[in-house]
Amino acid sequence: MASIQRSLVNLEMLSDDITSLSFEARNTTAHIRLLNEVLKELKDLDALVPNETESSFHNAMTGSIFENIFERKRMVAVYIKLIGYVLTAWEATSKANAILLDNFDASADKRLELLQVKAIKAKSQLKTVATAMGQSDYEKFTRTLGLETQEWQWDTLRARF
């Protein structure tokens with residue numbers, strides 16, 4: 001139980017760091033770095049989850065800001081998938097934009113196409129998991145991780161991909 005508590009404290013601190021970012025700092029390198037840290041911490045927590053019953057896991061969550069987010073222990077794995085899709089889409093889109101801005105050469109078309117397909121695939125997978133979660137749970141995800149820009153909103157996600 002102590003390791004779960006340690007992971008929760010680390011996740012809460014990271015969540016506070018993310019929510020303390022100004023709106024202009026969202027979707028920046030600093031935000032991505034924090035999301036990578038959250039992903040790492042969630043993977044550590046996920047390694048501990050199989051040793052817990054639903055009841056003991058729920059008891060460990062009591063009093064945490066994640067109490068209403070991780071209502072079931074399988075939600076930890078869902079968040080890992082979602083963050084992975086967000087980071088993949090972000091990375092691929094950033095690289096594609098960099099190619100368009102200043103690195104357009106003879107082989108750029110092929111690289112650009114591959115990166116755009118990778119970003120679209122990640123967002124499509126994100127949409128699939130988000131739809132399975134439902135709007136309420138997805139909005140908890142975006143709020144907790146500072147993904148409140150238009151790109152990650154429920155309506156945008158549902159409309160585009």
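1. Met75 sits in helix H4 (helices are DSSP runs of H or I with at least four residues, strands are runs of E with at least two, and both are numbered from the N terminus). Leaving out neighbours within four places in sequence, Met75 is in contact with Ile69, Phe70 and Met133 (contact means heavy atoms within 4.5 Å). Met75 and Asp137 are 62 residues apart in sequence, yet their C-alpha atoms are 10.0 Å apart in space.

2. A quick word on what you're looking at. This is a predicted model, where local features need pLDDT of at least 70 and side-chain atom pairs count only at pLDDT 80 or more, while totals for chains, interfaces and linings use all residues. Residues are numbered from 1 along each chain as its sequence is written, and side-chain values use heavy atoms, with hydrogens and water left out.

3. Now the whole chain. The C-alpha atoms fill a box of roughly 55 × 30 × 25 Å along the principal axes. Of the 161 residues, 43% count as buried. Take the contacts with a separation of 6 or more: 70% of them are between residues 24 or more positions apart.

4. Look next at how H2 (residues 29–48) packs on H4 (residues 74–102): the angle is about 150° and the axes are 10 Å apart (axes are lines fitted to C-alpha atoms, for helices over the stretch in contact, and angles run from 0 to 180 degrees between N-to-C directions). H2 and H4 are therefore roughly antiparallel to each other (that label is for angles over 145 degrees; under 35 is roughly parallel, 65 to 115 roughly perpendicular, and the rest oblique). On the H2 side, the residues that meet H4 include Leu35, Leu39 and Leu42, and on the H4 side they include Ile80, Ile83 and Trp90. The residues of this contact split into 14 nonpolar, two polar and two charged (Ala, Val, Leu, Ile, Met, Phe, Trp, Tyr, Cys and Pro count as nonpolar, Asp, Glu, Lys and Arg as charged, and the others, Gly among them, as polar).

5. H4 also packs against H5, at an angle of about 155° with the axes 8 Å apart. That makes H4 and H5 roughly antiparallel to each other too. Their contact has 20 nonpolar, four polar and five charged residues.

6. Which residues touch the most other members of the largest nonpolar core? Leu42, Phe70 and Phe141 do, in a core of 44 residues (a nonpolar core is a set of buried Ala, Val, Leu, Ile, Met, Phe, Trp, Tyr and Cys residues joined through side-chain atoms within 4.5 Å). H4 gives the largest share, 12 residues. A second, separate core of seven residues includes Ala92, Ala96, Ile99 and Leu112. In soluble globular proteins, nonpolar side chains tend to be buried together.

7. Last stop, H6. Its buried residues are Tyr138, Lys140, Phe141, Thr142 and Thr144. Not counting residues up to four places away in sequence, Phe141 touches Tyr79, Leu82, Ile83, Val86 and Leu147. Just after H6, Gly146 takes a positive phi of about 70°.

Key: Buried < 20%, exposed > 50% of the residue type's maximum accessible area, 1.4 Å probe, protein only.
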